[in-house]
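This report looks at charged side chains and how they pair. Please keep the sequence and the 3D view at hand while reading.

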Amino acid sequence: MQTSSSPVPEVRSWMFWRGVKRSTRFVCRPRLKPLYQLERLMPDGTDESSSFGWRSMGNDPQFAWRRRMPLPGWNMLEVAIRHDQPSGSVRMYVDTGQGFNEAESFYLALKPGRIAKRLCYIGPGIRGIRFDPLETEGCFSIDHLRLVWLTPWFACDRLAQRLANLHGQWLETPKANVLSRLKRLAREQNTPWREMALKQYEETFVRLCPRKSYSEWLAQQPVASQAWLSSRLAAFAYRPTISILLPTYDPTPEALDRCIESVLAQRYTQWQLCIADDASTDRRIVERLRRYAEQDSRIDVTFRPVNGHICAASNSALSLARGEYVALLDHDDQLVPDALFRVVDALQQRPRAELLYSDEDKIDDHGERFDPHFKPAWNPDLLLGQNYLSHLGVYRTERVKAVGGFREGYEGSQDHDLALRFTAGLDSDRIVRIPHVLYHWHAGQGSTASAAATKRYTGEAGLHAVQDHLSRHVRGATAEPGRFPNTYRVRWPLPDPAPLVSLLIPTRDRVEILRPCVEALLERTRYPRLEVLILDNGSTCPETLNFLGELAEHPRVRVLHWPHPFNYSAINNFGARHARGELLGLINNDVEPINEDWLEEMVSQACREEIGCVGAKLYYPNGTVQHAGVLLGVGGVAGHAHKFFSRHEPGYFSRLHLAQNFSAVTAACLVVRKSVFEAVGGLDEANLAVAFNDVDFCLKVGEAGYRNLFTPFAELYHHESVSRGADDTQAKRLRASREAEYMRRRWRHRLFDDPAYHPNLTLTYEDFSLR
């Protein structure tokens with residue numbers, strides 16, 4: 001390695017670049033001088049902060065980068081910072097004569113326990129560098145910080161790789177084609193290609209959501225033109241009447257006006273508004289309802305003589321309905337102007353749909369929209385955990401009446417109860433998600449939207465609805481309250497007798513990793529019937545071999561030898577052939593269970609006839625989330641939902657703590673029936689020796705007609721890739737690139753249309769932020 005002792009002028013000549021070897025690296029390690037909002041901590045052992053070197057005193061701590069400046073041109077910024085915050089990020093500013101400014105700054109999100117890296121193109125004439133270690137108050141220590149000068153060809157390769165993996169414009173483009181296409185695009189737009197490349201590269205780092213409000217994001221979204229809407233409306237061959245059910249009871253007059261006016265503003269005009277007033281005590285409400293009914297013949301109103309609460313009032317509204325479908329609307333909420341248009345537009349392609357539902361957001365008393373809920377497609381296990389369908393829900397009228405309408409006794413969660421009864425036995429192709437915000441849920445003072453935690457009756461009613469559904473359809477299944485308001489956990493029964501489970505653990509040497517894994521599995525697994533198959537991939541370490549010899553004597557452990565080059569798929573397929581269990585557990589040799597009933601939970605889920613692969617909730621050793629389901633398309637192929645979140649955070653609309661269906665789960669801890677594993681041919685050992693074999697396997701299981709499932713109630717620690725190591729060599733990177741390209745070819749029709757995710761959510765990060 002070569003290290004520069006002082007900056008040199010930027011050299012652009014072709015002969016210079018030709019003479020620099022690919023292995024040449026100029027490394028710049030700084031001496032940092034605190035400038036602002038920083039306090040050095042002394043290790044006195046009196047409190048937790050003593051394990052850190054610095055404290056940030058505000059949201060803009062700053063260091064000056066002293067001693068050595070980097071070479072101009074392409075550099076790799078490498079940072080590792082330990083800190084006590086839920087998440088962290090750094091920003092480096094470079095002064096090339098214009099002072100420190102945002103245009104010449106470089107943002108980088110930190111990775112817990114790992115070195116975070118990014119490319120930086122630094123112009124000539126460097127006068128100074130400022131390094132901002134956090135964007136919040138907190139304690140931290142800098143474990144690794146340097147700039148490594150890169151040859152242009154290596155830098156461009158890394159740039160193309162990141163764009164192909166993370167930028168929406170290039171996700172389906174092979175890495176080898178990215179730069180040539182980008183340069184052609186730059187020529188067409190008369191823009192320097194490097195300027196365009198750097199702008200797009202930067203977009204893969206900076207999250208738009210935390211820096212911009214939802215309203216700003218909305219302002220950037222394309223708006224359908226009136227001409228397009230008129231053209232689509234004219235082309236509708238199917239024009240059903242939609243009856244909107246609106247039970248009312250003493251809303252504020254202003255809220256009621258906004259609600260009804262949002263119906264009158266609908267671009268699709270073939271609707272009926274069915275209002276059932278539940279004996280409102282405010283005469284202004286009665287007068288308004290009468291006036292609206294007189295003004296528009298599509299509005300029908302019935303006045304109930306006695307207050308019967310929401311279910312009785314909703315049934316009164318339902319009795320007025322003449323339309324093929326009914327839509328549910330609360331008396332202080334609002335529809336967007338094209339809500340019914342979007343519904344009927346979806347029905348043009350899916351006229352047999354029984355249930356349609358949309359995204360929603362909240363709106364306050366000042367008309368400010370916030371907290372959008374972008375929902376997955378039909379996800380029956382998620383519906384058991386929470387009423388994610390909610391608003392806007394549009395149901396075929398005939399079926400609503402057939403299942404009994406709204407049941408009294410479920411007030412507060414009557415929509416959830418209806419959805420569970422309505423969807424029971426319904427084919428999934430009859431349930432349609434409309435991926436647009438069509439409903440504004442009022443979040444004013446005292447509303448359910450703003451005070452769900454204080455209205456315990458809604459959660460109790462929802463729990464009652466879920467338990468009733470289970471009692472009617474699954475013997476022995478029980479529901480209990482979830483960790484967050486209006487969420488629920490289902491405990492599924494185990495078969496009697498409990499089936500044998502074979503845990504398959506590939507390993508090679510690294511006894512310090514294998515021993516705690518196996519011992520924890522045997523000591524902290526309450527499940528009564530399991531065998532552990534250690535699949536040894538050519539261990540040579542004497543200590544490891546001695547430990548394997550000890551394990552071979554254990555009554556519940558078998559040691560099988562696989563003396564071939566590492567191939568994760570082949571090793572597990574080999575283990576599956578030798579497994580005696582009815583269920584297989586694919587287990588990495590660096591996981592350790594936390595709760596003793598982890599395997600009971602996974603087996604009870606995997607034994608359900610409709611379920612294929614079951615994945616667990618995995619944490620890094622520091623307690624942050626490593627896996628909570630797999631999101632297709634993130635990072636170019638797939639990423640882990642809620643990665644690096646604290647285990648205590650709710651996640652996106654509480655999904656971090658809810659059992660739900662995902663397209664895939666990780667094989668670091670995966671349980672599946674052996675019959676299902678064999679039916680789809682196991683893991684792909686020909687094309688996916690190391691990476692993405694679990695995603696590919698889960699997608700094959702999904703194509704075979706099963707639902708894959710993530711459960712947060714099986715919790716384990718995962719020391720990710722500790723035994724195999726990172727993809728940090730050229731050969732490993734080439735192999736990873738080949739496997740990623742194979743996945744894009746094989747599953748192109750699925751990777752960027754994940755039913756468990758949403759087209760408005762990011763494919764760059766794993767945090768459900770807006771795209």
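What follows describes salt bridges, their surroundings and a charged surface patch in a predicted model.

## Salt bridges overall

Side chains of opposite charge can pair when their charged atoms come close. In this predicted model, the structure holds 41 salt bridges.

## A pair between a strand and a helix

Arg-489 and Glu-601 form a salt bridge, with their closest N and O atoms 3.2 Å apart. Arg-489 belongs to strand β22, which covers residues 488–491, while Glu-601 sits in helix α18, covering residues 598–606; the pair therefore ties together parts that are 112 residues apart in sequence.

The side chains of Arg-489 and Glu-601 are also joined by a polar contact of 3.2 Å. Both Arg-489 and Glu-601 are buried. Arg-489 has a relative accessibility of 9%, and buried means under 20%, so Arg-489 counts as buried.

Are the two partners buried or exposed? Arg-342 has a relative accessible area of 16% and is buried. Asp-338 is buried as well, with a relative accessible area of 15%.

## A partly exposed pair and a network

Glu-512 and Arg-510 make another salt bridge, in which the closest N and O atoms lie 2.4 Å apart. Glu-512 is partly exposed, its relative accessible area being 47%. Arg-510 also counts as partly exposed, at 30% relative accessibility.

Elsewhere, salt bridges with shared partners link several residues into one network. Its members are Arg-407, Asp-417, Arg-421, Asp-468 and Arg-472.

## A positive surface patch

Which residues form a positive surface patch? The patch is made of Arg-181, Lys-183, Arg-184 and Arg-187. Residues in such a patch have no salt bridge.

One of the patch residues, Arg-187, is found in helix α3, which spans residues 175–188. Its relative accessibility is 61%. Since exposed means over 50%, Arg-187 counts as exposed.

## Summary

Glu-512 and Arg-510 are partly exposed. In the positive surface patch, Arg-187 is exposed.

Definitions and conventions:
Residues are numbered from 1 along each chain as its sequence is written. This is a predicted model: local features need pLDDT of at least 70, side-chain atom pairs count only at pLDDT 80 or more; totals for chains, interfaces and linings use all residues. Side-chain values use heavy atoms; hydrogens and water are left out. A salt bridge is a side-chain nitrogen of Lys or Arg within 4 Å of a carboxyl oxygen of Asp or Glu. Buried means under 20% relative accessible area, exposed over 50%, partly exposed in between (1.4 Å probe, protein chains only). Helices (H or I, at least four residues) and strands (E, at least two) are DSSP runs, numbered from the N terminus. Patches are made of residues with over 30% relative accessible area and no salt bridge: like charges are joined within 9 Å, nonpolar side chains (Val, Leu, Ile, Met, Phe, Trp, Tyr) within 5 Å. Accessible areas come from the Shrake-Rupley method with a 1.4 Å probe; for residues, only the protein chains shown count as cover. Lys and Arg count as positive and Asp and Glu as negative; His and the chain ends are not counted. The place of a charge is taken as NZ of Lys, CZ of Arg, CG of Asp or CD of Glu. A polar contact is a pair of N or O atoms within 3.5 Å; within protein, one must be able to donate a hydrogen and the other to accept it, and residues adjacent in sequence count only if both atoms are side-chain atoms.
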